[in-house]
Amino acid sequence: MTRTLILLAAIAGVAAGCERRGQAESRAVLSQAMRGVLAYPLSSPVSMQAGTDAGQMVFSTPASVDTVAAWYHRMLPLNGWELQSDAKAPDGTVSLFAQKGDKPLWITLRPNAGGPGTTYTLIGAAVDSAKTDTVK
């Protein structure tokens, strides 16, 4: 059993050390896309992914959709984001769209199925101001 644990630890170490170039690029895009974006306090990360120009993070929290939405309504303007749209669907889903300069942010808040709490998605674009300034 000790050999198995050592082997698994070694495999995990090698796998962590052998990061693929695509993974590093995805992390860079996600980092740029989420720069300046806040997650609701005490949220738990569910998933993260990125493409070439945008990143998405999914979180879960025991707070209600209305509580999380109210928090974003207060916090977005305090952090330089301008709320552009706010919609609530009949199923309780809240969709927010905000901008900070040229940078967009989409927030979708959904009530958890079968229990209390909220699962929400943050989607941001990896806006490169140097590229957007030269393309006119």
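Which residues line the largest cavity? The close-up views below, drawn from a predicted model, begin with that question.

**View 1. The largest cavity and its lining residues.** A search of the whole structure finds 1 cavity of 30 Å³ or more, and the volume of the largest cavity is about 40 Å³. Its lining is made up of Gly-36, Val-37 and Leu-38, together with Tyr-72, Met-75, Leu-76, Asn-79 and Trp-81. Sorted by class, this lining comprises 6 nonpolar and 2 polar residues, with no charged residues.

**View 2. The largest nonpolar core.** This core has 22 residues, of which Tyr-72, Leu-76, Ile-107, Leu-109, Tyr-120 and Leu-122 touch the most other members. At least two residues of the core come from each of strand 2 (54-61), helix 3 (65-78), strand 4 (94-100), strand 5 (103-111) and strand 6 (118-125), and helix 3 gives the most, with 6 residues. In soluble globular proteins, nonpolar side chains tend to be buried together.

**View 3. The surroundings of Leu-76.** Leu-76, which is one of the residues lining the largest cavity, is also among the core residues that touch the most other members. When its neighbours within four places in sequence are left aside, Leu-76 is in contact with Trp-81, Leu-83, Ala-98, Leu-105 and Ile-107. Among these partners, Trp-81 likewise belongs to the cavity lining, whereas Ile-107 is listed with the core residues that touch the most other members.

**View 4. The aromatic pair of Tyr-40 and Trp-71.** The whole structure holds 5 aromatic pairs according to the search. In the pair shown here, the ring centres of Tyr-40 and Trp-71 are 5.4 Å apart and the planes stand at 85°, so the pair is edge-to-face. Because Tyr-40 lies in the loop between helix 2 (21-33) and strand 1 (44-50), while Trp-71 lies in helix 3, the pair ties together parts that are 31 residues apart in sequence. Tyr-40 and Trp-71 are both buried.

**View 5. The aromatic pair of Tyr-72 and Tyr-120.** The rings of Tyr-72 and Tyr-120 have centres 6.1 Å apart and planes at 70°, so this pair, too, is edge-to-face. Since Tyr-72 lies in helix 3 and Tyr-120 in strand 6, the pair ties together parts that are 48 residues apart in sequence. Both Tyr-72 and Tyr-120 are buried, and one aromatic cluster is formed by Tyr-40, Phe-59, Trp-71, Tyr-72 and Tyr-120.

Definitions and conventions
Residues are numbered from 1 along each chain as its sequence is written. This is a predicted model: local features need pLDDT of at least 70, side-chain atom pairs count only at pLDDT 80 or more; totals for chains, interfaces and linings use all residues. Side-chain values use heavy atoms; hydrogens and water are left out. On a 1 Å grid over the protein atoms alone, a cavity is a set of points where a 1.4 Å probe fits but cannot get out, and a pocket is an open set with protein on both sides within 12 Å along at least five of seven lines; lining residues have an atom within 4 Å of a point. Grid points are joined across faces, edges and corners, and a volume is the space filled by probe spheres set on the points. Ala, Val, Leu, Ile, Met, Phe, Trp, Tyr, Cys and Pro count as nonpolar, Asp, Glu, Lys and Arg as charged, and the others, Gly among them, as polar. A nonpolar core is a set of buried Ala, Val, Leu, Ile, Met, Phe, Trp, Tyr and Cys residues joined through side-chain atoms within 4.5 Å. Buried means under 20% relative accessible area, exposed over 50%, partly exposed in between (1.4 Å probe, protein chains only). Helices (H or I, at least four residues) and strands (E, at least two) are DSSP runs, numbered from the N terminus. Contact means heavy atoms within 4.5 Å. Rings of Phe, Tyr and Trp (its six-membered ring) pair if their centres lie within 6.5 Å; planes under 30 degrees apart count as stacked, over 60 as edge-to-face and the rest as tilted.
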